[in-house]
Amino acid sequence: MKFTRTLITASLVIITTACSSPTANTSTDATPNEVTLLAYDAFTPKEGIFDAFTATTGAKVKVVTSGDTGTLISKAILTAGNPEGDVLWGIDNTLLSRAQKAELLTSYEPVDYGDICVNYDKQWFTSRNIAPPTSLEDLALPTYKNLLTVQDPVASSPGLGFLMGTIAHFGTDKWQAYWKSLKANGVHIAADWTTAYTIDFSGSSGKGKYPLVVSYGSSPPAEVLYAEKPIDTPPTAVIESTCFRQTEYVGALRGTRNPNNAKKLISYLLDVSFQESMPLSLFVFPVNKKATLPDLFTKFAVAPKNPLTLDPADIEKNRDAWLSTWRDIIL
Amino acid sequence: MAEYMERHHLVSKTKTLLIAPVVFLSVFFVVPVTNTFLRYFRFSEFGNVLSNQSLRGVAWFSLWQAVVSTLATLAIGLPVTWALSRFTFRGSRLARGILTAPFVLPAVVIAAGVLAITDSRGVIPILWAHVVFNVSVVLRIVGPRWAMVNLRLEHAAATLGARPSHTFTLVVLPHIADAVISAATLVFVYCFTSFGVIAILGGISRRTLESEIFTQAVRLGNTETATALAVVQAVIIGAVFFITRRSSRSLSTSLHVSSPQQLRTKPTHRLTPLIITAAAIVVVASPLLATIYRSLVVNGQLSLSAWRTIFSGTLPALSVSPQSVITTSLVFAITAACICVPLALLVASNSAPRALFSLPLAISAATLGIGLIITFNRSPFSWRSERWFIPLIHAVIALPLMIRALEPAAKAIPNSLRNASATLGASPFATWRHVELPLLKPALLRATGLSMATSLGEFGATSFLSRSGSTTLPIAIAQLLGRPGVATQQAGFALAALMVLVTVGVMSRA
């Protein structure tokens, strides 16, 4: 009994203290020498890229990462108004509306973009004398039966992007029929990107059974940059007409204790020097028109002029219904 | 009378010390989880969840696969535990190390290993992966206790004409029953809340409650639904605890005289334990070999470049050095063990309220993760993004496991020994230091190893906590395997293989 009582008392004391502390003053920066950038785990900027920022502003950039984009945004929403940092990197167009509803950010703007596209194993197709598919429709043809692996859109953001792409292409009343035909054609659903690309896909290290995989328009240059032995051309290529545009945003978090530094950091992230470092460290395209692309990107990365897109508000409104329809079709 | 006084004195002294683990668990577990429930639990949502047909299917699948996984784990784990705690032979320590290694590995690595061999998905690969992961739990919890069962009892039974099967069920089993049940409960909970393994090996049609909680909380942002599901999960696990506690009590009260000596026989019939151990190693180690294979072979050719990368230079695409990742993980593991093992020892050597200390097993990692970020969010408790917070949470998660690892050995020390020591004039501390501690040493070493392994491999709750410059091994592996490029993926498998080798090395000693 004594333990139970100690426990309840301790709980109450802590909860009351935690809930009654005054909120921070936001007119001036609380820690002018530091600014915290929240990002997903895969945010791996070029080493030393923030040195120039510190040199001009006197503020050190502390990068705090947590999980993938979904985890990051869910956490940020749970802590909206009392954020873990000052600037948030990485909300994309499929999640933007959710963030707006929670009034997560005081301001936000696009910082980079890329595409979610079907990639194929070049050698698999040439060695069999089969032409690789060129459209979403092709993927449902008997020639390409049992060749495609895609991610579960509930658990994975490329999976969600691909589903959104099919909805954008076929329309809100025809995409269901398309997925039924994909299912009949033996589409494989993987748990996440890692499983699909590094285990199922035949064109990368896993040497799996599927020569077609949903990945990114920038995956081929990554295959060259991170090849095991230096290579000139990637072993994989992108089917351009399947690409769904993913735009990532950066914004100041509501409740930031360093609004001035947050503003400065955001403009630094949009500035040419940072934008030019992104392609080869984060494998995304810069939004800043003045930024020049590295050779590897101009040669092998794909970002179509007219990619598939959907309005973020539509995505937010329909996502749950679309996902459950999708599950009903696939299961 | 004096004896009674001494003993009473000893008990009340250590009872006071129990405040430490109680406060620790209250602050870092009970408070945050309560906070989550207070904020997000809705009765209406609870009703929705209970009446949802597909969610009931999810609960049913979680339950039956966990029961079957537990039985399979015991079937492989108990014989090898017997072999390794009853006999010493050349390589027995190494075998123990190999069997424990999977415990530290991220789910994706074990799943990839199993998949490389089975080449198909479904229930059988899931069961296999669960066995691979959990044999170590049986080995580490039942092993120390089995080693303390007095061999003379078995000899006596044999002399009186009992067949080996009778000797086992009538003499040995009552002595180890509570340890077996304790281990089985843990294995059940780990399989019931399995997440990564099921996602990769089961495909999307097979989900557990834990994965559904994660999906609802993290992917869909439905914290209320997730919380309602977490309650359902906690109730099911709580019921299992209740049942196993009762059966554990009724099974082990009948015969509870254990020998204080730790006995190790010279092998008289060497072959049986050897064969059993070898069989268990084949089951557990083959997926690990697949991991090592993928770190060494690219396009059918041997390549050491990934191993060169992780020993010199920077991990491709991560801009952190492998050394710093390894150092971070080890520092976290040691810190967590330093917090966790003494607290667990205090609980295990006292009759503390067990239900409280089992709580971290029943509560979904997502629920704890959410609680931590909404509780430790304001000064002076603004700890949620602190570096030291991560090993602390590892200690919370490892605590129930540690208690179970120490408890069977601690309980096996007969009171008569403590009383004798007290009668001879030893102070309670001296009794503890010179009588109890030496007896507990093998269990303590194993528990420390297990605690470090838990910390090294922990992914669920810590992936929810924010990190600044403190990438741990499982996180680094997940990131490397989460990028295109043969070199990055090979480096991911090399890091995983390194974890395997280091763990085998450490666990062979502990």
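Visitor: Why is the crossing of α7(A) and α13(A) called right-handed?

Guide: In this predicted model, local features need pLDDT of at least 70 and side-chain atom pairs count only at pLDDT 80 or more, whereas totals for chains, interfaces and linings use all residues. Residues are numbered from 1 along each chain as its sequence is written, with chains lettered from A and ligands numbered from 1 in written order. The crossing is right-handed because the near helix is turned clockwise from the far one by less than a right angle, anticlockwise being left-handed. Helix α7 (residues 175–184) of chain A packs at about 35 degrees to α13(A), with the axes 9 Å apart; axes are lines fitted to C-alpha atoms over the stretch in contact, and angles run from 0 to 180 degrees between N-to-C directions.

Visitor: Which residues of α7(A) and α13(A) meet?

Guide: A:Gln176, A:Trp179, A:Lys180 and A:Lys183 in α7(A) meet A:Thr325, A:Trp326, A:Ile329 and A:Ile330 in α13(A), where a contact means C-beta atoms, placed from the backbone, within 7 Å.

Visitor: How many residues make the contact of the two chains, and from which chain do they come?

Guide: Chain A gives 53 residues and chain B gives 60 residues. On the side of chain A that touches chain B, α1(A) gives the most, with 8 residues; helices are DSSP runs (H or I, at least four residues), as are strands (E, at least two), numbered from the N terminus.

Visitor: What is the average pLDDT of chain A?

Guide: Chain A averages 90, and 92% of its residues score at least 70, on a scale of the predictor's confidence in each residue from 0 to 100. Over residues 18–26 of chain A, however, the pLDDT is below 50, and this stretch has 10 contacts in the model beyond near neighbours in sequence.
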